[in-house]
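Subject: Structure for you to look at

Hello,

Here is the structure I said I would pass on. Please open it first; my notes follow below.

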Amino acid sequence: MASYISHPLIKKDSIESRLYQQVLAGDVLKKGNTMVVAPTALGKTIVAILVAADRLQKVKNSKVLILAPSKPLAIQHEDSFKEFLTLPCSSITGAIKTDERVKRWEESRVICATPQTVESDLLNGRYDLSNVSLIVFDECHHGVGAYSYVYLASRYVQESNYNLILGLTASPGSDKSKIKEVCENLYIQNIVVKTEQDSDVRPYFNPVEIDWVRVKMSSELEKIKKYIDKALKVRLKALKNMGVIRTVSVGKVDILKARGRIQGEIARSVNPDKDLFQAISILSAVINIQHSQELIETQGIQTFNKYIARLRKKRTKAAKSLMWDDNFGRAVKMAREAEKHGWEHPKLREVTNILKKELGADDGQTKLQSTRFKEKDEKSSKVIVFTQYRDTLEMIHQKLEKEGIKSAKFFGQAAKDGEKGLTQKEQKAIIKSFRMGEYDVLLSTSVAEEGIDIPAVDLVILYEPVPSEVRMIQRRGRTGRKRTGRVKVLITNGTRDEAYYWASVRKEEHMKYQLIDPKVLEELNASAVERMENQKRIKVIDRPKVEKSNPVVFADSREGNSKVIRHLSEMEIDVQIRSMAVGDYQVSDEVVIERKTAKDFVDSIIDKRLFKQARELSEEFKRPLLILEGDDIYNGMLHPNAVRGSIAAIAIDFGISIIPTRNSEDTAAMIKRIAVREQSGDKVNIQIRTDKKPTSMWEQQLFIIESLPNIGPVNAKNLLKHFGTVENVIKASESELQEVEGIGKKTAKNIRKVVESKYLYFENEIKEKKLL
């Protein structure tokens, strides 16, 4: 008979008592900041709930913050915590309005959220982390680079009165340096690893059987690939003759490194040789060809043809040279003919046959609909097919529909190549339909790899292996949750499929070694402890609250996730995020700052944004500034003289001062210095430009009239039509104003009051100073 966890804050008979979960929770509470590494479906969320219950009981009136990298996963956590805990739980994501987010934060004891949303709210001062007694980073391997987890961990350590951090992941990565980076960034002091082989885990773990399904390329694909290989060989020989590469036996990584070296030479040269630009163009073409090879080898004809259609739209020399190339052109023509004849990659036929067998199809017909809505039916199979590309996903979907197999497409929220992404609501509806049995097969890109609750999946099919051990573990973890799981990996013989598969296997083995080896763990833990102590020495007292006397910097909402804003907030700057019409940062009525990284600066020259933005800056502000961030401004496809000419035009033609900075931290320090300079002495109110100044005569007239009390665009037009000029509107009496449609007695009275009242300058100044 099953026993259950007994705790004042955990609902009775809701959590089955599993010793290993209790031991893991105990380790976190005893040893401090901990990363728990355990296979998917072993109940890491339950461990988090046990730790949360203990903290919420012992630290009175405190909160627990659960962070997840996606909205669906954050909401999923909310459902789990509501199911098991007796305290109020809620979720905070970007889809929820600001006021509602603040309300939920204040009223809830457990908040499940996306990190970007919490970061934005913290930077805007909507709430703080001072009373958070536990912060959980789900899928904590994301805690690298500029990801929001990094900032939130730092902010939490500085701000909270009750520090405890819990990181959860099934796969932190095989690279020792990355594991170390995650530990340092999230202040992890202890790593606990649970594997399928552990004796206390084995009774609860369903094994996963992995089957390699090998296919052979068809003769049609071989012919197409032969001409693509020829086009590639010609360019690799050219690069070797130019001294760019040493051998024609190179992979994608080698080509990317070679491109980086050439770009570096261009950046360091005052007058770069034309051969360098030629080399860059050839390298770009090689990258395109290598991608084409991969699509033909591992995906299919339709996916390749869609890529070529996108390539044709590009106007770069590299793309044009490929379209003019005899060998590549012949491959494109053959692929077009192959699609007309219905020839496809053997994988498509193989995946269809596997699904027919799995779903019990008979003569092309799927199982009877009567079994579809029996979620608990052990004989009712559910399958996920993973593929990297949306084009391939669509191709498989069309094939399955023809075969009478009901499938659903599941992909991300971002739009791609004109195709809209799925909204969060649509994603939830698809998962619900899949769970209820409306669909037998879920066709997914990487969006379903992490954490999405898709129960009772019997089979996972990988249309192609991926060279990442993290992604392979995540995909494999979608099965085996309720019974023995099965994974089938489709591999095309003699192609990069094989290389990718073995790469992921080697990386996974290496990861396990890194995490289990005591010496490695000791080194990682010591590093994390040292950083924690350093942080405590730097911030002996709680994070200082922003005082009103501190400089104010207004940042455009589009800079919301910028590291510059993070650094500014750490420099005791009052950062206020607004929707700004012009510029990225404003520090006074006269000074606005446009920030551009070196790459963005070059890109804005190419797409012709730069001079449009410069014109708006000079028209809207008396002293506009441009911060140019990074030292690799010449490291790109654009000739250095074009970059120099643009810089000269910005400075001379538009009168915009240009300030170079090294990185985002240096940029933040410079903005702070400018703000301090502009706001020294008596503090002044800064008028933020949320709209651009009107330029035409009629726009300016409307702008003036719309500034009057209770006057919007419609009433402004009515007033100007009635009185003819701005002057006549201003001179009109109350009774005359009321003759205009939409202008009532109260509005007319307020207009006259504003027009006639004396400007009490000194009295207003005194009031403002008192308020400050």
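Helices and strands here are DSSP runs, a helix having at least four residues and a strand at least two, and they are numbered from the N terminus. With that numbering, Ser171 sits in the loop that joins strand S6 (165-169) to helix H7 (176-185). Please keep in mind that this is a predicted model.

Ser171 has a relative accessible area of 0%, so it counts as buried. Its C-alpha is 7.9 Å from that of Ala38, although 133 residues separate Ser171 and Ala38 in sequence.

On the surface there is a patch of positive charge, formed by Lys223, Lys226, Lys230, Arg312, Arg330, Lys333 and Arg336. At least two residues of the patch come from helix H8 (219-241), and at least two from helix H13 (326-340). Arg312 belongs to helix H11 (residues 301-313).

- Lys608, at about 65 degrees, is in the loop between helix H21 (598-606) and helix H22 (610-620). Lys608 has a relative accessible area of 66%, so it is exposed.

Regards

Notes. Residues are numbered from 1 along each chain as its sequence is written. This is a predicted model: local features need pLDDT of at least 70, side-chain atom pairs count only at pLDDT 80 or more; totals for chains, interfaces and linings use all residues. Side-chain values use heavy atoms; hydrogens and water are left out. Patches are made of residues with over 30% relative accessible area and no salt bridge: like charges are joined within 9 Å, nonpolar side chains (Val, Leu, Ile, Met, Phe, Trp, Tyr) within 5 Å. Accessible areas come from the Shrake-Rupley method with a 1.4 Å probe; for residues, only the protein chains shown count as cover. A salt bridge is a side-chain nitrogen of Lys or Arg within 4 Å of a carboxyl oxygen of Asp or Glu. Lys and Arg count as positive and Asp and Glu as negative; His and the chain ends are not counted. The place of a charge is taken as NZ of Lys, CZ of Arg, CG of Asp or CD of Glu. Buried means under 20% relative accessible area, exposed over 50%, partly exposed in between (1.4 Å probe, protein chains only).
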